[in-house]
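Dear colleague,

Please find the structure below, handed over for your records.

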Amino acid sequence: MTTLFISDLHLSAERPDITACFLRFMAQEARGIDALYVLGDLFEMWIGDDDESPFHQQVKQAFRALTDSGVPCYFIHGNRDFLIGRRFSEETGVTLLPEHSVIDLYGTPTLILHGDTLCTLDEGYQRYRKKVHNRFIQWLFFRLPLRYRQQIGHKMRSGSSQSNQMKSQAIMDVTPTEVLKAMNQYQVRQIIHGHTHRPDVHDILVQGQPAQRIVLGDWYDHGSVLVCTPEGCELETRDFPAELATLSTPA
């Protein structure tokens, strides 16, 4: 009885080491488990389900093979791949979940989310997020030819990287009061999220009761997996294939 959680893989054709680690994980470790949850930023960039590059097809086929084997797969949008839609779901068999979802994790009600909505001190990002999640703006974006969307996506990705370099780590981390607010709103004492790239298990108090905030790791230097069983959850790492490990670059 095992449920796995991953996030912040930032898959791209430019990082074959990450892709190889992910494909091995999907073909071996993820087989036969109770469920797989992907909590956002599976891709470095996603500009529409109609981008049928060989790389994207390879990743989709890995999900299709897993869901066809009987393993339920669930996905919550991240800030890099919030445009993943119904077509992706139909082609892969992956179920798209709301950005805040409560699941029963072996008897423990658990709130799962990407995590960017908890970073309320980053006001500039929150303004950006509100704009790009506007349905009308998305409708206009999807009317553009694929090559134009790709150019816009690369420009936005570059701008985001430059902007983050000028922000303090505290601003880009979760706001503690927002975590407590979410846990109280959804009546849970366990929360699992990614986004911050700071894997850890935080023991906290919510209304005087013990609670946990589990943060998933990114896949920049190695694979990162949260392994949950009825006995509890453990953050674990997975090495890149030896022949590709030298391609790893710092986060």
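Cysteine 228 and cysteine 233 form a disulfide, with 2.2 Å between their sulfur atoms. Please note that the model is a predicted one. The disulfide is right-handed, because the torsion about the S-S bond of cysteine 228 and cysteine 233 is about 115 degrees. Cysteine 228 has a relative accessibility of 0% and therefore counts as buried, whereas cysteine 233, with a relative accessible area of 22%, is partly exposed. Cysteine 73, by contrast, is in no disulfide; the nearest cysteine sulfur belongs to cysteine 228 and is 15 Å away. Cysteine 73 counts as buried at 2% relative accessibility, and cysteine 119 is likewise buried, at 2%. In total, the structure holds 1 disulfide.

Turning to charged pairs, the structure holds 12 salt bridges. In one of them, glutamate 44 pairs with arginine 80, the closest N and O atoms being 3.5 Å apart. Glutamate 44 lies in the loop between strand 2 (35-38) and helix 2 (54-68), and arginine 80 in the loop between strand 3 (73-75) and helix 3, so this pair ties together parts that are 36 residues apart in sequence. Both glutamate 44 and arginine 80 are buried.

A further salt bridge joins aspartate 50 to arginine 149, with 2.7 Å between the closest N and O atoms. Since aspartate 50 belongs to the loop between strand 2 and helix 2 and arginine 149 to helix 6, the pair ties together parts that are 99 residues apart in sequence. Aspartate 50 is partly exposed, with a relative accessible area of 32%, while arginine 149 is buried, with a relative accessible area of 3%.

Arginine 129 and aspartate 116 also form a salt bridge, their closest N and O atoms being 2.9 Å apart. This pair links distant parts of the chain, 13 residues apart: arginine 129 is in helix 4 (residues 123-132), and aspartate 116 is in the loop between strand 6 and helix 4. Arginine 129 is buried, with a relative accessible area of 13%, and aspartate 116 counts as buried at 4% relative accessibility.

Phenylalanine 142 is placed in helix 5 (residues 135-142) and is partly exposed, with a relative accessible area of 31%.

On the surface, Tyr128, Leu144, Tyr148, Ile152 and Met156 form a nonpolar patch, with about 390 Å² of accessible area together. Helix 6 (residues 146-165) contributes the largest share of this patch, 3 residues. Methionine 156 lies in helix 6 and, at 36% relative accessibility, counts as partly exposed.

Helix 8 is followed by glutamine 187, whose phi is positive, near 55 degrees. Histidine 10 lies in the loop between strand 1 (3-6) and helix 1 (16-29) and counts as buried at 4% relative accessibility. Phi of glutamine 207 is likewise positive, near 50 degrees. Glutamine 207 is found in the loop between strand 8 and strand 9 and, at 62% relative accessibility, counts as exposed.

Finally, serine 89 has its place in helix 3 (residues 86-92). Serine 89 is buried because its relative accessible area, 19%, falls under the 20% cut-off. Not counting residues up to four places away in sequence, serine 89 touches Val94, Thr95 and Leu96.

With kind regards

Terms used: Residues are numbered from 1 along each chain as its sequence is written. This is a predicted model: local features need pLDDT of at least 70, side-chain atom pairs count only at pLDDT 80 or more; totals for chains, interfaces and linings use all residues. Side-chain values use heavy atoms; hydrogens and water are left out. Helices (H or I, at least four residues) and strands (E, at least two) are DSSP runs, numbered from the N terminus. Patches are made of residues with over 30% relative accessible area and no salt bridge: like charges are joined within 9 Å, nonpolar side chains (Val, Leu, Ile, Met, Phe, Trp, Tyr) within 5 Å. Accessible areas come from the Shrake-Rupley method with a 1.4 Å probe; for residues, only the protein chains shown count as cover. A salt bridge is a side-chain nitrogen of Lys or Arg within 4 Å of a carboxyl oxygen of Asp or Glu. Buried means under 20% relative accessible area, exposed over 50%, partly exposed in between (1.4 Å probe, protein chains only). A disulfide is a pair of cysteine sulfur atoms within 2.5 Å. Contact means heavy atoms within 4.5 Å.
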